[in-house]
Amino acid sequence: LYLSATRRFTGVEENASSLHTALALFKQKAELRGQILTLALLIEASAYRGRDIIPMGILVEEAENLLHLIPFERYPWESATLWLQLGFGVALRGGDQRKGYEAFQNAYLLSRSIGNSPLQIAALVNSILDLSILGEFELSEKMSQKAILILEKEPYPELRALYLLHYSMACTTQGKLSLANDCVNEAKELLQEHGLIYLYPLALLSELMLMPQMGDFKKGEETGRQLLEFSKGFGLKFIKALAFMCLGTCYYLKQDYKAAGEYFKASCRIVFDDDSYSENHIMFNKIFMGIVYIHQNELERAEILLKEALDHSIEISSHLITIFSNWALAFVNHTLNCRNKTIYHLKAGIKVAQDHDIYYFMWMNEEDILRVGQLCIEFNLKEIELYIAHLFALRPAGSTVGILQRHINQTPQKTKRMAHNILGYVHRFHLPRILVVTINNFSVYRN
């Protein structure tokens, strides 16, 4: 066990086999402390690597059983470590980010009770991205602030880099692209300065997620190829699946649907394998393939995948995926001339977006976001006019004004008013702000 702990990042293949042997020995001797630590290290070794000796689902189940068997206070440090890795395994590959967040919270509370700062930071850092993917942006920011306060007192370079990379991905999810870029660049400097090579794939993944959102598709493709080469060279099968999936997203955002579909299928082939199975990324690939099938006019296949994704997202209360799935299903039903279903899915997605103040959708390209607004105008959904108006106002004016003007000129009278109202909102949104001060000296401030 201790030999494995010293080579966690230098001999992953050999390590997994040693840990498997250690776990069997600890079970034989009914040594709980040894089982807790070995399970934690096994989950950590397997999560990003893939090629599971013991399937991730079994490791997660064993960890849960063991943690519920022993009282928190008996082995607090060991229990906190296992809760942390359990959360990591569940959030990354288990398909339930909320369950992952609960495990991270247990790890954080336990580690705080024993004054272990590195474990507290690790639990908070992992929570940041987990919550952002769920669409819990406000709570994610709270976790970030807590992590920063501890890092300011105890600036561990490794944990600072890990924080920056996770926070970068969270910012990308929320549309804070300039801040995300700053975080990636600072993290890369730390990795180089301190030789933290094992975090290099995470840095590439952060950059691969970010570049297409910034419109730099060429840089995104280059980063994706780098990550693929790195994952092949080090035998990181699961990282390879993530690289394929993010490259697929890059091509979807670029509106190259054929290439996007090929990359999503390549990712699917890996995450469906027994030794790299990931319920989480099966769901993501279903969503992405669903939207690609819509653009390829394979509506029946799209509907099957998107319904499965929607059911799963509702079950785990994943706001972003619920919105995306509903809107994509609205596209399917609109093409099939199913008016009532189209309206239902438009409203269902927008209600979640309104409730959680979500206006940025990193997994949906500009064409599809604008289509949501156009459908709402077409069906004259007045009750969600303000949301659509703000959604359009946040887009480049060149892409929205033309659409709205066409609706005003060409659509029936009842929808013209809604389009006209939204156009007025967009116009006012982009006007400079004027502040007039009349106390003492009269002053006017622009913007």
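Predicted model: local features only at pLDDT ≥ 70, side-chain atom pairs only at ≥ 80, totals over all residues.
A salt bridge, as I use the term today, is a side-chain nitrogen of Lys or Arg within 4 Å of a carboxyl oxygen of Asp or Glu. Good morning, colleagues.

The side chains of Asp52 and Arg93 form a salt bridge, with N and O 2.6 Å apart. Where in the chain do these partners lie? Asp52 belongs to the loop between helix H3 (32–47) and H4, whereas Arg93 is part of helix H5 (residues 76–94); the pair links distant parts of the chain, 41 residues apart. Asp52 and Arg93 are both buried.

Over the whole structure, the search returns 18 salt bridges. Two further examples involve helix H4.

In one of them, Lys27 meets Glu62 at 2.9 Å, N to O. Because Lys27 is in helix H2 (residues 12–28) and Glu62 in helix H4 (residues 56–69), this contact ties together parts that are 35 residues apart in sequence. Lys27 is partly exposed, at a relative accessible area of 38%, and Glu62 is also partly exposed, at 21%.

In the other, Glu64 pairs with Lys99, and their closest N and O atoms are 2.7 Å apart. Glu64 lies in helix H4 and Lys99 in helix H6 (residues 97–113), so here too the tie is between parts 35 residues apart in sequence. Glu64 is buried, with a relative accessible area of 17%, while Lys99 is partly exposed, with 36%.

I turn now to the cysteines. How many disulfides does a search of the whole structure find? The count is zero. Two residues illustrate the distances involved. For Cys268, the closest cysteine sulfur is that of Cys246, 13 Å away, which is too far for a bond. For Cys376, the closest is in Cys338, at 17 Å, again too far for a bond. The cut-off applied is 2.5 Å between sulfur atoms. Both residues are buried: Cys268 has a relative accessible area of 17%, and Cys376 has one of 0%.

Finally, the surface. Which residues form a nonpolar patch there? They are Ile434, Val436, Phe442 and Val444, which together have about 400 Å² of accessible area. Of these, Ile434 is placed in strand S1 (residues 434–437). Thank you for your attention.

Definitions and conventions. Residues numbered from 1 in each chain as written. Heavy atoms only, no water. Buried < 20%, exposed > 50% of the residue type's maximum accessible area, 1.4 Å probe, protein only. Patch = residues over 30% accessible without salt bridge, like charges linked within 9 Å, V, L, I, M, F, W, Y side chains within 5 Å. Areas by Shrake-Rupley, 256 points an atom, 1.4 Å probe, with all protein chains shown as cover. Helix = DSSP H or I, 4+ residues; strand = E, 2+ residues; numbered from the N terminus.
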